[in-house]
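Colleague: Hi! Could you walk me through this one while I have it open?

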Amino acid sequence: MIRVLLADDHAIVRAGLKEILADTGDIEVAGGAANGPGVLARGSAQDFDIAVLDLSMPGRNGIELIKLVKAEKPKLRILVLSMHSEEQYAVRALKAGASGYLSKEGAADQLVAAIRRIAGGGAYVTPETAERLALGAAPRAEAAAHTLLSDREFQVFRMIARGASVGEIARELSLSVKTISTHKTRIMDKMGLANQAELIRYALEHKLLDDGSGSSP
């Protein structure tokens with residue numbers, strides 16, 4: 001029996017996922033969590049084989065949460081189930097320690113197969129993501145500018161693009177204003193952007209804000 005932890009801040013989503021898995025016979029939903037701290041607490045208190053993890057939840061979330069879970073439970077395999085497109089986050093999630101990435105749009109058709117493959121020791125990604133991972137092993141001159149950013153810089157980049165001020169970002173991430181200002185400067189330098197208007201235009205052109213949510217993985 002594959003023991004699964006479902007982590008999503010929407011109860012209706014957790015209920016829907018549980019219903020999809022209910023009749024499999026070999027997959028048991030053994031726990032749920034509605035936020036990052038809940039994932040860490042449940043993961044510490046119980047043994048699960050796989051965590052099905054949303055990237056955008058209250059508290060610790062996204063790439064940072066994947067790293068924390070893997071640091072505490074190295075054997076726990078993670079399937080990211082997110083509204084964010086693969087192009088935005090799949091490679092970063094896999095590099096952080098996830099074993100698979102699935103968009104919520106494809107969950108109904110692919111969730112069971114993804115869980116079984118990951119439980120068997122495999123990975124679950126689309127051919128396009130696998131290709132990006134392979135190509136990422138060597139630097140490419142034509143790589144998009146945002147791929148040069150660290151995970152934290154990319155998080156700050158998206159928050160700036162949504163219109164958040166340095167002070168607001170600092171409060172949300174529990175970091176100093178100086179640290180966020182440093183991140184912003186590095187983002188501008190790495191991406192060759194002159195001002196915030198160019199940053200927002202870049203984010204829109206590359207569809208990096210297409211999820212429509214206020215959360216920032």
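Colleague: Great. What should I know about the model before we start?

Modeller: This is a predicted model, where local features need pLDDT of at least 70 and side-chain atom pairs count only at pLDDT 80 or more, while totals for chains, interfaces and linings use all residues. Residues are numbered from 1 along each chain as its sequence is written, and side-chain values use heavy atoms, with hydrogens and water left out.

Colleague: How many helices and strands in the protein chain?

Modeller: There are 10 helices and five strands, taken as DSSP runs numbered from the N terminus (helices H or I, at least four residues; strands E, at least two).

Colleague: And how much of the chain counts as buried?

Modeller: Of its 217 residues, 42% are buried, meaning under 20% relative accessible area with a 1.4 Å probe, protein chains only.

Colleague: Which residues have the most contacts inside the largest nonpolar core?

Modeller: V39, I66 and F157, in a core of 44 residues. Helix α7 gives the most to this core, with six residues. A nonpolar core here is a set of buried Ala, Val, Leu, Ile, Met, Phe, Trp, Tyr and Cys residues joined through side-chain atoms within 4.5 Å. Another core, of 18 residues, lies apart from it and includes A107 and I118.

Colleague: What is F157 in contact with, beyond four places in sequence?

Modeller: Its partners there are L149, I187, M191, L199, Y202, A203 and L208, with contact meaning heavy atoms within 4.5 Å.

Colleague: At what angle do α7 and α10 pack?

Modeller: About 100 degrees, with the axes of α7 (residues 151-161) and α10 (residues 196-205) 9 Å apart. That makes α7 roughly perpendicular to α10, a label for angles of 65 to 115 degrees.

Colleague: Which residues of α7 and α10 meet?

Modeller: F157, I160 and A161 in α7 meet Q196, L199, I200, Y202 and A203 in α10. Seven residues of this contact are nonpolar, one is polar and none is charged.

Colleague: Switching topic, where is D54 found?

Modeller: D54 is in the loop between β3 (50-53) and α3 (62-72). With a relative accessibility of 3%, D54 counts as buried too.

Colleague: What does the side chain of D54 reach?

Modeller: The backbone nitrogen of S56, at 3.5 Å.

Note on methods. Axes are lines fitted to C-alpha atoms, for helices over the stretch in contact, and angles run from 0 to 180 degrees between N-to-C directions. Angles under 35 degrees count as roughly parallel, over 145 as roughly antiparallel, 65 to 115 as roughly perpendicular and the rest as oblique. Ala, Val, Leu, Ile, Met, Phe, Trp, Tyr, Cys and Pro count as nonpolar, Asp, Glu, Lys and Arg as charged, and the others, Gly among them, as polar. Buried means under 20% relative accessible area, exposed over 50%, partly exposed in between (1.4 Å probe, protein chains only). A polar contact is a pair of N or O atoms within 3.5 Å; within protein, one must be able to donate a hydrogen and the other to accept it, and residues adjacent in sequence count only if both atoms are side-chain atoms.
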